[in-house]
Amino acid sequence: MSEETTLPHFFSELSPLYPNVTQDGKIDTVQFLEASKSFIQMYDLLGTTFYIVKKDMSGNIEKLYKTYNKAPEKYKYLNDLIFEERNDPNIFAVDALLWLKRALEFTVLFINGICEEEDKGMRSEKLDHLATEAYNQTLKHFHKWLVQNLFKMVVKSVPYRSDLVKSMYFGKTGSEKTLYKDLLAYIKQLETNLKVIVQMYDEWGLDSDKKV
């Protein structure tokens, strides 16, 4: 095995991973939140303009932790936390997880787009079109005009593919094939968590079209 293929990269170093969903469809609260805290460090690799995305996601993670810390034993699972808090008139935790979920979906779509282009032999250096498509499908509908225009600038600032890959290898030159393989495995686990959250919000009627 060559040295190139064994280089550590951002996704091989991430810990903890997103939790395995239990047999009865539940998500461990702390592991989910800690995995999210690690995952959003990816935005540091995308450039300073993505700071606003990371800051918003960090804020929502903190809000969920604040609710969790009220009753750690009771809220061991994210499902139970949301179920108990769903009738809160301030929908503090419900709103926080909803926006965190949307931002994670945006990131997943963007990453999957990068990998799909590579798989189809459409390897473009510019990635801003993938970030734009991901934004349009996940977040744009929930943003007012001012925020939409802000995000237009944000997604246009996505680094070139080669620069992003190098950043993920912490400044070194590593195998893109290895990176994408590990990246997709990580994202697949995250997607299992997102599916549960989507189902939860659909079942309990907690989704919202409110714009910010």
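Which residue forms a salt bridge with aspartate 128, with the closest N and O atoms 3.4 Å apart? That would be lysine 156. Keep in mind that this is a predicted model.

**Around aspartate 128**

The pairing with lysine 156 links distant parts of the chain: aspartate 128 sits in helix α7 and lysine 156 in helix α8 (residues 145–156), 28 residues apart. Aspartate 128 also meets lysine 126 in a salt bridge, at 4.0 Å from N to O. As for solvent, aspartate 128 has a relative accessible area of 11%, so it counts as buried. Lysine 126 comes out at 47%, so it is partly exposed, and lysine 156 reaches 56%, so it is exposed.

Next up is arginine 123, which forms a salt bridge with glutamate 176, the closest N and O atoms being 2.3 Å apart. Arginine 123 lies in the loop between α6 (92–119) and α7 (128–138), while glutamate 176 belongs to helix α10 (residues 176–203), so this pair ties together parts that are 53 residues apart in sequence. Arginine 123, at 37%, is partly exposed.

Both residues belong to a network of salt bridges that links Glu117, Glu118, Arg123, Glu125, Arg161 and Glu176. In general, side chains of opposite charge can pair when their charged atoms come close.

| Salt bridge | N to O distance |
|---|---|
| Arginine 123 – glutamate 176 | 2.3 Å |
| Aspartate 128 – lysine 156 | 3.4 Å |
| Aspartate 128 – lysine 126 | 4.0 Å |

The model has 15 salt bridges in total.

**The nonpolar side**

Now for the greasy part. How many residues does the largest nonpolar core have? The count is 68, and the residues with the most contacts inside this core are Phe11, Phe32, Phe39, Leu97, Leu104, Phe110 and Tyr201. Helix α6 supplies the largest share of the core, with 15 residues.

Take leucine 97, one of those with the most contacts. Once its neighbours within four places in sequence are set aside, leucine 97 is in contact with Phe32, Leu64, Leu78, Ile82, Ile197, Met200 and Tyr201. Two of these partners, Phe32 and Tyr201, are themselves listed among the core residues with the most contacts.

Terms used: Residues numbered from 1 in each chain as written. Predicted model: local features only at pLDDT ≥ 70, side-chain atom pairs only at ≥ 80, totals over all residues. Heavy atoms only, no water. Salt bridge = Lys/Arg side-chain N within 4 Å of Asp/Glu carboxyl O. Helix = DSSP H or I, 4+ residues; strand = E, 2+ residues; numbered from the N terminus. Buried < 20%, exposed > 50% of the residue type's maximum accessible area, 1.4 Å probe, protein only. Core = buried A, V, L, I, M, F, W, Y, C linked by side-chain atoms within 4.5 Å. Contact = heavy atoms within 4.5 Å.
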